[in-house]
Amino acid sequence: MEWYQMVVLAVVQGITEFLPISSSAHLILVPHFLGWDDQGLGFDLAMHLGTLVAVLAYFRTDVASLWQAWVQSMTARRRDSEVAMAWGLILATVPAIVFGGIIGLMGEEMLRVPGIIATTSIVFGLLLGWVDMRAPCKREPEQLGWRAYLAIGFAQAVALIPGASRSGMTILGGRAFGLNRQAAARVAFYLAIPITTAAIAFETMLLLQNPLEDAWGSMAMAAVLAGVSAFAAIHYFLRMLQSVGMMPFVIYRVVLGISLFAIFGWSG
């Protein structure tokens, strides 16, 4: 991989990972349109590591508080809304882990095609916009029950289909249960932590079976670029939600999907 390809893909991953526009779709489409080879497992691992560090750094206070609440729920029998939220986030992670394992065993290549990306981008983008306009904005994550977290978890599992967007689907689920926009986004970011950690563990296991040679410098640079761009994307996305809401991302997804259909046709 050339250095400029590494820079482009790492920045694309960092920016799109936490925006509701699907990072997996963009990492498929950018090399496809530019005629680049697949970036490889090691590069994916490095970018995931970078985005994980970014979200942990940005929400370090919240993550530490939730971790403490979870530990104290088992060691000191602590029972409060923060404990319920910590366990709710764990519950919401289960569907994506299960379905991710199933898709991994079946092979995800059949889903990595422009027609599917275009369809999921448009359908779930419009659904996100519709829910965001109609749902109330009055609840905080600590007020959700286990059923709501489980439903959000299943919404996140749908995002294993390229184009659906993990961030977009979890925000959609949160808004459907009355979370305000920033609260829904925070839940999406919190849920990125265990899911990304699981992806890193899986990719590391595969990488140990086929070790890379002389690629550590490129992987380190990819991790740094993805992490810095992801940190900035989180910050500005949270600020944008207060002023413009979800509509710019809905429009982008619809335009992207229509463009893909125009280029590749319905069966592309």
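## Overall fold

Among contacts in the protein between residues at least 6 apart in sequence, 80% join residues at least 24 apart, where a contact means heavy atoms within 4.5 Å. This is a predicted model, in which local features need pLDDT of at least 70 and side-chain atom pairs count only at pLDDT 80 or more, whereas totals for chains, interfaces and linings use all residues. Residues are numbered from 1 along each chain as its sequence is written, and side-chain values use heavy atoms, with hydrogens and water left out.

Along its principal axes, the C-alpha trace spans about 55 × 40 × 35 Å.

## Surface and interior

Of the 268 residues, 49% count as buried, a term that stands for under 20% relative accessible area, while exposed stands for over 50% and partly exposed for what lies in between (1.4 Å probe, protein chains only). The protein exposes about 13100 Å², and carbon and sulfur atoms supply 67% of that area; accessible areas come from the Shrake-Rupley method with a 1.4 Å probe, and for residues only the protein chains shown count as cover.

## A covered helix, α8

Helix α8 (residues 166-176) is mostly covered, since ten of its eleven residues are buried. The buried residues include R166, M169, I171 and R175, and what covers the buried residues of α8 includes α1, α6 (114-134), α7 (146-158), α9 and α10. After α8 comes G178, whose phi is positive, near 90 degrees.

S167, which lies in α8, counts as buried because its relative accessibility is 0%. Leaving aside neighbours within four places in sequence, S167 is in contact with E17, F18, L19, P20 and A188.

L29 lies in helix α2 (residues 23-34) and, at 5% relative accessibility, counts as buried. Residues up to four places away in sequence aside, L29 touches I117, L256 and L260. The C-alpha atoms of L29 and I117 are separated by 9.1 Å, although the two residues are 88 residues apart along the chain.

A226, in helix α10 (residues 216-243), is buried with a relative accessible area of 0%. A226 touches A10, G14, M47, G50 and T51, again not counting residues up to four places away in sequence. A226 and I15 are 211 residues apart in sequence, yet 7.7 Å apart in space, C-alpha to C-alpha.

## Loops with positive phi

Most residues other than glycine have a negative phi, and most peptide bonds are trans. S22, in the loop between α1 (3-17) and α2, has a phi near 75 degrees, a positive value in a residue other than glycine. R77, in the loop between α4 and α5, likewise has a positive phi, of about 50 degrees, although R77 is not a glycine. S22 is buried, with a relative accessible area of 2%, whereas R77 is exposed, with a relative accessible area of 68%.

## The second largest pocket

Rolling a probe the size of a water molecule over the atoms shows where empty space is left. On a 1 Å grid over the protein atoms alone, a pocket is an open set of points with protein on both sides within 12 Å along at least five of seven lines, and lining residues have an atom within 4 Å of a point. About 330 Å³ of space lies in the second largest pocket, a volume being the space filled by probe spheres set on the points, which are joined across faces, edges and corners.

The lining of this pocket includes V63, W67, W70, L89, T93, Y190 and P194, and the elements that give two or more residues to the lining are α4 (60-75), α5 (81-106) and α9 (181-209). By class, the lining has eleven nonpolar, one polar and no charged residues, where Ala, Val, Leu, Ile, Met, Phe, Trp, Tyr, Cys and Pro count as nonpolar, Asp, Glu, Lys and Arg as charged, and the others, Gly among them, as polar.

Technical notes
Helix = DSSP H or I, 4+ residues; strand = E, 2+ residues; numbered from the N terminus. 1 Å grid on protein atoms, 1.4 Å probe; cavity = no way out; pocket = protein on both sides within 12 Å on 5 of 7 lines; lining within 4 Å.
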